Amino acid sequence: MKTFEYTITDPVGIHARPAGLLVKEIKNFAGSAVTITKGEKKVNALKLMALMQMGIKQGDTVKIEVEGGNEEAVATALENFFKANL
């Protein structure tokens with residue numbers, strides 16, 4: 001398992017548009033399971049509604065876990081996605 005943490009910089013946090021983009025990005029990595037954790041809440045990152053219900057706002061730090069094939073490359077790609085979009 002590969003993990004990294006990221007502090008959200010987007011002024012409105014993870015809302016519908018960036019959550020949809022994140023789900024679309026993760027779907028590019030078939031065979032990898034991605035979970036996002038904020039505090040006690042942990043969700044499958046492919047579940048759009050669950051992701052939005054986490055209430056992730058600007059300044060919140062989330063933990064991203066990648067399991068499955070090519071974890072290192074997937075984690076690096078997702079970290080770059082977070083930096084560019086969130």
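**View 1. Helix α3 and its length.** At 1.5 Å a residue, the 15 residues of helix α3 (residues 71-85) should span 21 Å, and this agrees with its end C-alpha atoms, which are 21 Å apart; the expected span is 1.5 Å times one less than the number of residues. Helices (H or I, at least four residues) and strands (E, at least two) are DSSP runs, numbered from the N terminus. The model is predicted, so local features need pLDDT of at least 70 and side-chain atom pairs count only at pLDDT 80 or more, while totals for chains, interfaces and linings use all residues. Residues are numbered from 1 along each chain as its sequence is written, and side-chain values use heavy atoms, with hydrogens and water left out.

View 2. V74, A75, L78, F81 and F82 are the buried residues of α3 (buried is under 20% relative accessible area, exposed over 50%, partly exposed in between, with a 1.4 Å probe and protein chains only). Seen down the axis of α3, these residues fall within an arc of 120°, so they line one face of the helix; the arc is that of the directions from the helix axis to the C-beta atoms. The face turned away from this buried side carries the exposed residues K83 and A84. The buried residues pack against β1 (2-7), α1 (16-27), β2 (32-38) and β4 (61-68), where contact means heavy atoms within 4.5 Å.

**View 3. The open sheet.** The 4 strands follow the order β1-β4-β2-β3 with antiparallel pairing, two strands being paired if DSSP finds at least two bridges between them. Because β1 and β3 (41-44) stand at the edges with a single partner strand each, one side of each is left without a neighbour in the sheet.

**View 4. The pairing of β1 with β4.** These two strands pair in the antiparallel sense over 6 bridges, and K2 stands opposite V66 in β4.
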